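Dear colleague,

Please find the structure below, together with its sequence.

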Amino acid sequence: MKYCEKCKVEIRTSHEKCPLCQGVIQGEKEGTEEIFPEIKEKNYPGVLFFQCFTFICIAVGVVSAMINYIFTPSLQWCFYAIAGVICIWVCTAVGLLKRRNLLKNAIWQEIIIAFISFGWDAFTGWHKWSFHYVLPCICIVTVLFMIVISIIQKLKPQEYMIYFMIAGGLGLLPIVFLWIGIVKVEYPSILCSGFCFLFLIGLLLFRYHIVMTELHKKFHI
């Protein structure tokens, strides 16, 4: 073991001089054991899949552009294909990022899909199909999906309540858009908002104390 006579300390590192006084040290280092443990690189599950998926998405976009400009240069349909690939990539990326919490994942997917549909609607002539059909449908599907997940995973009310309330609140947006005149097709919005309103009323009636506790915890109400 290396030793510094001046500092009276043993030195287990590979220093040639004392790290304290920079003086000459005596003895030799014993063994090859590392003082600090080796930190192993973490292997996150799904990274390889996401890398392959990202590469495939880029490849699809590039191949689409190549085929477009070689065979049909006047149509420029590759921009639609690339935009569709980007949308799929974003939804998949968020899904993988939020995979540990499926209820939170569902909320994120609902919001992202809604905005993607708004963008496609505006890009293709603004026929408002995103407000008339996509938004009401995605709101209902999200609520039903969350109910099924909470049953399958046997979640406690405290674990799903805040997500249920957010999903139910988002389901009231179609009736708001109908009221301010954005929506012209009434039935999907009425059905969606009516369903979500009843869903929220059910939460208040049968889980009132839990609802109020979660509201107090999250929003200090």
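A nonpolar core is here a set of buried Ala, Val, Leu, Ile, Met, Phe, Trp, Tyr and Cys residues joined through side-chain atoms within 4.5 Å; buried means under 20% relative accessible area, exposed over 50%, and partly exposed in between (1.4 Å probe, protein chains only). This is a predicted model, in which local features need pLDDT of at least 70 and side-chain atom pairs count only at pLDDT 80 or more, while totals for chains, interfaces and linings use all residues. Residues are numbered from 1 along each chain as its sequence is written, and side-chain values use heavy atoms, with hydrogens and water left out.

The largest nonpolar core has 30 residues, of which Leu135, Met146, Met161, Met165 and Leu203 touch the most other members. At least two residues of this core come from each of α3 (102–123), α4 (129–152), α5 (157–170), α6 (173–179), α7 (186–206) and α8 (208–219); helices are DSSP runs (H or I, at least four residues), numbered from the N terminus.

There are zero disulfides, a disulfide being a pair of cysteine sulfur atoms within 2.5 Å. The sulfur of Cys87 lies 6.9 Å from its closest cysteine sulfur, in Cys91, and is therefore too far away for a bond. Cys87 is buried at 17% relative accessibility, and Cys91 is buried at 18%.

One salt bridge is present, defined as a side-chain nitrogen of Lys or Arg within 4 Å of a carboxyl oxygen of Asp or Glu. Lys217 forms a salt bridge with Glu214, their closest N and O atoms being 3.4 Å apart. Both residues, Lys217 and Glu214, lie in helix α8, three residues apart. Lys217 is exposed at 51% relative accessibility, whereas Glu214 is buried at 2%.

Yours sincerely
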